[in-house]
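Grab a pencil and have the structure open beside you. Work through each exercise yourself before you read its solution.

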Amino acid sequence: LHQKQLRRFHQQRRMLVRTLRRNKNNRSRIVPLQSRRSYLEINTSGGRSSVSGIVATVFGANGNLGKSIVQRLGNIGSTVIAPYRGEEKHSRDLKVMADIGRIVLVPWNEQYDRDAIRDLVQHSNVVINCLGSKSPTSKFSLDDIHVKIPSLIAQVCKENDIERFIHVSTCGYDPNSKNEWIKSKSKGEDAVKSIFPETTIIRSTTMYSGDRGFVRAIGTMLRYWPWFVIAFNPDKVIQPVWNGDISLAIMRAIEMNTPGKTYELGGPQIFTNKQLIERMQYLLRNDKILITLPEPLERLFAKAISFHRNRRITLDDLDRTELVVDRNAKSWNELLVDKSKLALIDYEGYEYIQHYRKPSRYGELITDDQLKSEKNRDTTLPRY
């Protein structure tokens, strides 16, 4: 059976290569929206040694969301092309997320080279862009990461007639925002949609995961700082969402008829900043003093911390609007994701910060409300 699946996979690959060679001299040919296939011919019922029919290029595969997407693609027998910058040793943990030879690591050090991008996507039928950064770096500005590079990827996907292009953005769409991060994300959406109208846009609220993110930042400050400084507006609303739920929604977007649609996805719980920090305090059995700063001192504190390599907060974070899901937007229901099974931050978030408890309080028994939330949670794993 395994040999038959391998023969089928290589046969499909040869057919794809023949098609690309036949259209080599006519790369600019664009298939109209009416004739483009709405549903991919894929099989998602098999395991990691099966053949799903998906050949996906994941930009930003080393990120929090990218790793979760690669793992879900690998679990159903997909071939994943993962571009990376720097040394390969920082990306080799992706290799074990699929069967042998299914994760292809390709160095990508020329981000503005159209030919390099074409080499990465020309054999794929799915392209997912997860590139993003919280703050500019010495080599890339926010416009470079969120606007220019995604625009080049969209142009190459259009030229190569990619069947499904998924672009990950953020809630709070506003091209005229004072916040540079939201402004660049919104401009990137507009640029990608204008070039490739069939792009599927996934907007998410603030994501948390095990590698890094705001949940672990809160845990670090609660554990090691002498007191906790609430540098954000304590009454500002936040709707945290687990990156595993976003990757599940992206898998559903690959299966379903989603070209040209926009989805806004957020977690099942909504807190204010102060409520979230107090909740983390309760889970960690931490009794440190919470200090709320006036706005001038907030900016001074954020400016001082922003010079640190592992900065927890920047000046741009203070001007960020509330990232919550619009009630009128397409969301989990349209992607056939059960909202009652979304991860709770009391459960998944605590998994990532429990080691920040003090040793003297680490052995305390779980509380009644935590035990109740665990009993009500469906522990069955999804298909992916």
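**Exercise 1. Count the aromatic pairs, then describe the one formed by phenylalanine 165 and phenylalanine 196.**

Let's start with the count: there are three aromatic pairs in this predicted model. Next, take phenylalanine 165 and phenylalanine 196: their ring centres are 6.2 Å apart and their planes make an angle of 15°. Planes under 30 degrees apart count as stacked, so this pair is stacked.

Now find the two partners in the chain. Phenylalanine 165 belongs to strand E5 (residues 164-170), while phenylalanine 196 sits in the loop between helix H5 (180-195) and strand E6 (200-204). They are 31 residues apart, and the pair links distant parts of the chain.

Last step: buried or exposed? The cut-off for buried is under 20% relative accessible area. Phenylalanine 165 has 1%, so it is buried, and phenylalanine 196 has 3%, so it is buried too.

**Exercise 2. Work out how tyrosine 224 and tyrosine 356 are arranged, and whether each is buried or exposed.**

Angle first: the planes are 85° apart, with 6.4 Å from centre to centre. Over 60 degrees counts as edge-to-face, so that's the label for this pair.

Then the locations. Tyrosine 224 is in helix H6 (residues 214-224), and tyrosine 356 is in the loop between helix H11 (345-353) and helix H12 (368-376). That puts them 132 residues apart.

Finally, accessibility. Exposed means over 50%; tyrosine 224 has 56%, so it is exposed. Tyrosine 356 has 10%, so it counts as buried.

**Exercise 3. Describe how helix H8 packs against H11.**

Geometry first: H8 (residues 273-284) and H11 meet at an angle of about 60°, and their axes are 11 Å apart. The crossing is right-handed.

Then the residues: H8 brings in Leu276, Arg279, Met280, Leu283 and Leu284, which meet Ile345, Asp346, Tyr350 and Ile353 of H11.

Key: Residues numbered from 1 in each chain as written. Predicted model: local features only at pLDDT ≥ 70, side-chain atom pairs only at ≥ 80, totals over all residues. Heavy atoms only, no water. Phe/Tyr/Trp six-rings, centres within 6.5 Å; stacked < 30°, edge-to-face > 60°. Helix = DSSP H or I, 4+ residues; strand = E, 2+ residues; numbered from the N terminus. Buried < 20%, exposed > 50% of the residue type's maximum accessible area, 1.4 Å probe, protein only. Axes fitted to C-alpha atoms, helices over the stretch in contact; angles between N-to-C directions. Left-handed = near helix turned anticlockwise from the far one by under 90°. Contact = heavy atoms within 4.5 Å.
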